[in-house]
Amino acid sequence: MSTLIKYTANGATEIENAFVSVVDGEPVPQGADIIVSLGRIKAEGEALLASGVRVGVQIEPAEAVEDLAELLPRLALVAVAFPKFRDGRAYTSATLLRQRLGFNGEVRAVGDVLREQAYVMTRCGIDAFVPADGSSAAEWSRAAGHFRHVYQTAADGRTPAHAEPGRR
Amino acid sequence: MYRYDAIDKEFLTDRSNEFRHQVGRRLAGELSEDQFKPLRLMNGLYLQLHAYMLRVCIPYGTLNVAQVRRLAWIARTYDKGYGHFTTRQNIQFHWVKLRDAPDILDALAEVDLHAIQTSGNCIRNTTSDPRAGATAEEIDDPRVWSEAIRQWSTLHPEFSYLPRKFKIAVTASAKDRTAARVHDIGLALCRGRDGTLGFEVMVGGGMGRTPFIGQTIKEFLPATRLLSYLEAVLRVYNRAGRRDNIYKARIKILVSSLGAEEFGRQVEEEWAQIDAARADLPDTELARIRAAFIQPGLEVLPPVSDSYEAARAANLALARFARNNVSAHKAPGYAIVDVSLKAHDATPGDANSDQLEAIADLAERFSLGDIRVTHEQNLVLPHVKQSDLPALFEGLVAVGLATPNINLVSDIIACPGLDYCALANARAIPVAQSIAQRFLDADRAELVGELKIKISGCINACGHHHVGHIGILGVDKKGEEYYQLTLGGSGAEDASIGKILGPGLNADQVAPAVDRLVEVYLAERQGEERFLDTYRRIGMTPFKEAVYVDAH
Ligand code: HEM
Ligand code: SF4
């Protein structure tokens with residue numbers, strides 16, 4: 001089972017990933033917590049959500065995260081996919097999940113997830129990572145928390161420079 | 001001038017420490033060049049034909065004395081003794097060693113400079129009017145808004161991995177000195193009917209292989225709503241911009257395929273959903289930024305300086321300099337001075353360390369310590385007392401920086417071309433020099449008047465050839481360098497894309513062809529017409545016939 005880094009304001013910890021990603025068209029494993037595609041949750045949502053396991057949905061870059069709006073309260077997590085680290089659409093998906101759709105559950109980065117992007121991912125409200133570069137939780141945490149100040153409001157709610165008490 | 005406080009300084013320290021760590025990992029072999037490339041690019045470090053190139057950000061083209069001295073020192077210590085000012089108001093060092101890069105960034109950070117976002121698919125340096133705060137023409141000081149954008153866009157988490165690079169310009173006068181209409185977003189300060197301050201928002205301008213003039217999607221955006229509106233534009237682009245083909249990834253392609261109206265509608269729809277209280281800057285912060293740009297030290301002077309008038313009457317060289325490089329300041333008795341980096345034998349935009357130090361000294365003595373960079377690759381000393389102009393002129397002459405050719409035929413924009421650039425088809429710098437050489441007669445150049453020549457060594461258009469009154473593009477024809485001329489482009493308030501004159505010319509034919517174009521103009525012009533105006537009135541044919549007369 002893959003490693004999962006969970007990130008909170010207090011730092012990062014490595015935990016075991018309890019979710020199984022289910023490929024479209026494959027049967028859902030019995031009793032396991034699952035991550036399914038947007039298409040699948042739209043088609044089979046009621047059945048999956050009634051089955052008693054925890055359910056997450058993976059959003060691909062071209063998909064509109066708004067399509068999940070009604071289901072969100074019943075989802076355990078949303079995974080945002082980075083097929084390539086350069087594909088920045090998931091930053092918008094994550095931001096909208098937090099700021100517009102009010103999602104408080106886990107937002108997980110999957111795919112080409114690299115330590116160099118830890119900072120921006122965290123700021124967009126992503127709080128769980130399946131790193132593709134073998135980063136440890138400590139390395140991840142250092143990269144994500146490297147900057148003492150931020151210049152703009154974002155989904156992580158950090159106080160921007162202009163609202164810091166020390167601003168001159 | 002905006003001064004960095006402890007927060008801004010700590011931010012830069014954090015950034016340069018991060019990069020030092022990454023370079024260490026690269027030099028130790030922990031990172032491959034492939035893995036390292038995006039990291040160095042995020043710090044402005046490019047790999048060029050002969051060496052690494054470091055592009056240093058100059059926010060909205062504004063420098064203080066200590067910064068210019070530090071740039072001079074860096075050029076001397078880590079480069080071959082010169083730097084190159086770019087069309088986006090930045091400076092590049094073309095001969096940098098990887099292992100020196102972290103030290104250079106530290107040295108820059110000590111004077112509040114950096115290379116953040118000078119590369120990569122992110123929001124680049126926001127450029128603005130080099131006469132900001134000095135010209136009476138401006139509706140408001142564009143530096144206030146440029147600084148707000150600088151902060152907002154710095155490591156913006158949602159918009160650091162856009163489909164492609166993203167450039168914003170803020171212009172504040174009817175005369176556009178920022179090329180706003182060829183930017184991804186051009187912001188033109190304006191006043192609403194009730195006098196409130198706002199922006200006309202233009203999107204989708206750009207050059208490269210498919211040039212576009214930006215289109216207005218909002219006639220009047222209240223100025224205080226700027227950041228939320230930018231967020232909306234960037235979000236629509238981040239989601240919908242193409243990522244399958246880098247040549248179609250700029251916002252200009254999205255705007256042209258959707259149509260400006262539909263793009264604007266999508267932006268409005270997104271904007272309506274953004275929480276203004278979160279996204280827009282509070283008035284207190286805008287007031288704090290604005291206060292930083294109030295210019296101290298301007299004296300109350302008579303509108304005319306007798307000593308300057310007398311010096312000008314006595315010294316023909318000073319008089320010529322005054323005609324071409326000196327403009328009106330908003331404060332009586334002051335002037336704005338353009339410093340040309342286009343001496344006929346120079347590389348357009350280059351300044352050596354001695355020149356940079358001289359500029360710093362002169363700015364300290366004569367321009368309230370303020371130095372600006374223009375997108376036409378020159379410098380500006382914005383706050384000079386008229387009575388100091390003779391002494392300033394002598395100081396500039398001493399270091400070869402008094403070339404009196406602003407906006408004239410030899411004030412050429414040229415990209416680095418084949419002399420430095422791995423993508424080039426042809427040389428650009430020697431072509432610029434050959435044209436300047438041909439128009440050495442300063443009286444004739446003045447007679448010709450405003451004529452903007454812009455040269456790119458390939459279709460990426462770094463030299464803005466699409467918007468040159470005369471544009472020159474280097475092309476490769478069966479392994480040989482050729483040049484394609486275009487006429488009628490403009491990057492200013494009357495922006496347009498130039499049209500191709502005819503078949504390509506070889507390097508030796510370019511300057512004579514420019515000469516013939518100029519002769520046609522001089523024969524045909526009416527009244528105060530510039531070259532561009534005459535071309536627009538009489539069309540391509542007379543110009544084409546003159547250049548290709550031998551081919552008949
Ligand atoms: C020396 C190495 C350089 C390389 C390899 C390079 C590369 C490129 C490339 C690939 C593009 C096209 C980007 C696109 O269309 O999306 C471009 C555009 C551009 N570059 Fe450069 N460049 C270099 C130097 C410069 C310099 C020195 C300047 C300033 C004088 C400059 C200013 C620009 C500008 C203004 C554009 C046009 C942006 C637009 O399309 O709107 N570049 N460059
Ligand atoms: S226009 Fe072409 S040749 Fe000139 S700097 Fe840009 S990429 Fe290089």
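Residues count as buried under 20% relative accessible area, as exposed over 50%, and as partly exposed in between, using a 1.4 Å probe and the protein chains only. By that rule B:Asp533 is partly exposed, with a relative accessible area of 24%.

This is a predicted model, in which local features need pLDDT of at least 70 and side-chain atom pairs count only at pLDDT 80 or more, while totals for chains, interfaces and linings use all residues. Residues are numbered from 1 along each chain as its sequence is written, chains are lettered from A and ligands numbered from 1 in the order in which they are written, and side-chain values use heavy atoms, with hydrogens and water left out.

## Salt bridges

A salt bridge is a side-chain nitrogen of Lys or Arg within 4 Å of a carboxyl oxygen of Asp or Glu. Side chains of opposite charge can pair when their charged atoms come close. Over all chains the structure holds 69 salt bridges.

| Residue | Partner | N to O distance |
|---|---|---|
| B:Arg76 | B:Asp354 | 2.9 Å |
| B:Arg323 | B:Glu446 | 2.7 Å |
| B:Asp533 | B:Arg530 | 3.1 Å |
| A:Glu66 | B:Arg239 | 2.9 Å |

The side chains of B:Arg76 and B:Asp354 meet in a salt bridge. This pair links distant parts of the chain, 278 residues apart: B:Arg76 is in helix α3 (residues 65-78) of chain B and B:Asp354 in helix α13 (residues 353-366) of chain B. Helices (H or I, at least four residues) and strands (E, at least two) are DSSP runs, numbered from the N terminus. B:Arg76 is partly exposed at 40% relative accessible area, and B:Asp354 counts as exposed at 51%.

B:Arg323 forms a salt bridge with B:Glu446. Here too the pair links distant parts of the chain, with B:Arg323 in helix α12 (residues 316-325) and B:Glu446 in helix α16 (residues 442-448) of chain B, 123 residues apart. B:Glu446 is partly exposed, at 21% relative accessibility.

A network of salt bridges links A:Arg100, B:Glu158, B:Glu231, B:Arg235, B:Glu270 and B:Arg278.

## The interface of chain A and chain B

Contact means heavy atoms within 4.5 Å. The contact between the chains takes 35 residues from chain A and 40 residues from chain B. Together they bury about 3500 Å², 53% of it on carbon and sulfur atoms; buried area is the accessible area (1.4 Å probe) that two parts lose on being put together, summed over both.

Between chain A and chain B there are eight salt bridges, including the one of A:Glu66 with B:Arg239. The interface also has 22 residue pairs in polar contact, both residues being at pLDDT 80 or more. A polar contact is a pair of N or O atoms within 3.5 Å; within protein, one must be able to donate a hydrogen and the other to accept it, and residues adjacent in sequence count only if both atoms are side-chain atoms.

On the side of chain A that touches chain B, the elements that give two or more residues are α2 (89-99) and α3 (118-123) of chain A. The largest share, six residues, comes from α2(A). By class, this side has 12 nonpolar, 11 polar and 12 charged residues. Ala, Val, Leu, Ile, Met, Phe, Trp, Tyr, Cys and Pro count as nonpolar, Asp, Glu, Lys and Arg as charged, and the others, Gly among them, as polar.

## The ligands

A residue is near a molecule if one of its heavy atoms lies within 4 Å of it. Ligand 1 is surrounded by 21 residues, the closest being B:Lys165, B:Lys167, B:Met207, B:Arg250 and B:Cys462. This shell divides into six nonpolar, 10 polar and five charged residues. An oxygen atom of ligand 1 lies 3.1 Å from a backbone N or O atom of B:Met207, and an oxygen atom of the ligand is 3.0 Å from an N or O atom in the side chain of B:Arg250.

Around ligand 2 the residues include B:Cys415, B:Cys421, B:Cys458 and B:Cys462. Its shell has eight nonpolar, four polar and no charged residues.

B:Leu12 is found in helix α1 (residues 6-27) of chain B and is buried at 5% relative accessible area. Leaving aside neighbours within four places in sequence, B:Leu12 is in contact with residues including B:Ala109, B:Leu113 and B:Ile116.

B:Thr86 lies in the loop between β4 (82-85) and β5 (91-96) of chain B and is buried at 9%.
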